[in-house]
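Reader: I am new to this structure and would like to be guided through it by questions. Please begin with any term that I shall need.

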Protein chains: 2
Amino acid sequence: MAEHDILAHSRSDKVGTPRFLPLDISIFSMEYRQKNPLKCHILPFAHRAGGEMITIEDFAKIELKIGEVLEAKRIEGSNKLIVMKVDTGEERQLVAGIGKAYSPDELIGKKIVVVTNLQPARLMGVESHGMLLAASDDEGGLSIIIPERQIKKGSKVK
Amino acid sequence: MAEHDILAHSRSDKVGTPRFLPLDISIFSMEYRQKNPLKCHILPFAHRAGGEMITIEDFAKIELKIGEVLEAKRIEGSNKLIVMKVDTGEERQLVAGIGKAYSPDELIGKKIVVVTNLQPARLMGVESHGMLLAASDDEGGLSIIIPERQIKKGSKVK
């Protein structure tokens, strides 16, 4: 995303309406909701999220970058952990729990998305400097996250 | 990523070494660094990151989900902003600043990655309930971020 997210959170819209309307959807009739879906779905999202809403500042703390996988191999004794050497503008080693869905060979050369400013961790004795992003569903499906188009490694994701 | 990241941050490795070694790379000779790259790149990453390191708890606050773009159109008066209807397990409207790189038509049907628990914002008077993730480089290149494999909309990304 470009700079607009910052702008959006630092000024109101031109007509002066408060940005976060204290709407409770239950005050609207079903007919009104169907005719005015945008006016009615502000609070429900916050409710349904279950967890807390975050600010753009919370999100900005997270550094996400495109990395290219240079090397990958399984960690001995684990059927899930793969250790990789990844170039995110600087080479780093990271460990990812995607070994049931991916073989090391099919990862090599792929562009991935990495959280690059996470405190180092150690998994089964192996240092990990960052976290690869992957999507997983409730049926055991798993997919790494990649850029749709060619883009330089080290590119920021936001 | 699977649960391993939580584990990694809640226990030490089995030989009892502190997880975050207070290494200063400058104490090593270049020869030692080349032979032992893993031992020598712990602190430099933290230094080079520039910004602050974050904890796994900081990252866990951010809710990321796979969304499918149902509708997309340009926001009048902007050459950059596109408003989309996205299904992230629930339909939501979001605004993204990717209009210079993408036409609305090529977005429809795509699976994207959305920050789903961001406080709503208003961009040029249009409500945005979430933020699409995209990678951008310093030469004006921009790419949305997508799952590499088929995966259900609403899937969590971590």
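Author: A contact here means heavy atoms within 4.5 Å. The model under discussion is a predicted one.

Reader: What share of the contacts in chain A with a separation of 6 or more comes from residues 24 or more positions apart?

Author: The count takes in contacts in chain A with a separation of 6 or more. Of these, the part that joins residues 24 or more positions apart is 50%.

Reader: How many helices and strands does chain A have, and what percentage of its residues count as buried?

Author: The secondary structure of chain A consists of six helices and 10 strands. A residue is buried if its relative accessible area is under 20%. Among the 158 residues of chain A, the buried share is 51%.

Reader: Which residue of β10(B) stands opposite B:Leu64?

Author: β1(B) also pairs with strand β10 of chain B, residues 156–157, in the antiparallel sense over two bridges. The residue of β10(B) opposite B:Leu64 is B:Val157.

Reader: What is the bridge partner of B:Ala72 in β2(B)?

Author: Strand β2 of chain B, residues 82–87, runs antiparallel to β1(B), and six bridges join them. β2(B) is mostly covered, with five of its six residues buried. Within β2(B), the bridge partner of B:Ala72 is B:Met84.

Reader: Which residue in the turn between β2(B) and β3(B) has a positive phi?

Author: Strand β3 of chain B, residues 91–96, is joined to β2(B) by six bridges in an antiparallel arrangement. One of the pairs sets B:Lys85 against B:Gln93 in β3(B). The two strands form a hairpin with three residues between them. The turn residue with a positive phi, about 100°, is B:Gly89.

Note on methods: Residues numbered from 1 in each chain as written. Chains lettered and ligands numbered in written order. Predicted model: local features only at pLDDT ≥ 70, side-chain atom pairs only at ≥ 80, totals over all residues. Heavy atoms only, no water. Helix = DSSP H or I, 4+ residues; strand = E, 2+ residues; numbered from the N terminus. Buried < 20%, exposed > 50% of the residue type's maximum accessible area, 1.4 Å probe, protein only. Pairing = 2+ DSSP bridges.
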